[in-house]
Amino acid sequence: MTQGTSMTFAIVWMVVLFGIMYFLMIRPQKKEQKRVQAMLSSMEVGDSVVTSGGFYGVILDLTDEDVIVEFGNNKNCRIPMRRSAIVEVEKAGQVSVSDEK
């Protein structure tokens, strides 16, 4: 094997490794980011949410970056938080799988 052939083989091998890394790591991460961004942009007043801390609440008000969430049955427990703290959104009036039983 000549040095030119081994250099070409090394470059091809790096391209193949980068392609594998892209499909196993980068692409799924970008897909998840798009899903989360779509979920956060579709939030509306009245939707049920789960925060990153595991708290369940209902959206009372929305701004560009923040959201006011009411937690529990106590109408006085209203907390402003960043939109990025929301990890799940269930649309108002939507029946979840666990509610059908």
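Is Phe-23 buried or exposed? Select Phe-23 in this predicted model: Phe-23 is exposed, at a relative accessible area of 52%.

The rings of Tyr-22 and Phe-23 form an edge-to-face aromatic pair, with 5.3 Å from centre to centre and 85° between the planes. Tyr-22 has 30% relative accessibility and counts as partly exposed. The structure holds two aromatic pairs.

For the other pair, select Phe-55 and Phe-71. Their geometry is edge-to-face, with the centres 6.0 Å apart and the planes at 70°. Phe-55 sits in the loop between β1 (48–51) and β2 (56–62), while Phe-71 belongs to strand β3 (residues 66–71). The pair links distant parts of the chain, 16 residues apart. Colour by accessibility here: Phe-55 is exposed at 54% relative accessible area, whereas Phe-71 is buried at 9%.

Next, switch to a cartoon view of the protein. One helix and five strands are present, and from the N terminus the order is α-β-β-β-β-β.

Now zoom out to the whole chain. The C-alpha atoms fill a box of roughly 75 × 35 × 20 Å along the principal axes. Of the 101 residues, 18% count as buried.

Show the surface next. The accessible surface comes to about 8,000 Å², and carbon and sulfur atoms account for 60% of that area.

Terms used: Residues are numbered from 1 along each chain as its sequence is written. This is a predicted model: local features need pLDDT of at least 70, side-chain atom pairs count only at pLDDT 80 or more; totals for chains, interfaces and linings use all residues. Side-chain values use heavy atoms; hydrogens and water are left out. Rings of Phe, Tyr and Trp (its six-membered ring) pair if their centres lie within 6.5 Å; planes under 30 degrees apart count as stacked, over 60 as edge-to-face and the rest as tilted. Buried means under 20% relative accessible area, exposed over 50%, partly exposed in between (1.4 Å probe, protein chains only). Helices (H or I, at least four residues) and strands (E, at least two) are DSSP runs, numbered from the N terminus. Accessible areas come from the Shrake-Rupley method with a 1.4 Å probe; for residues, only the protein chains shown count as cover.
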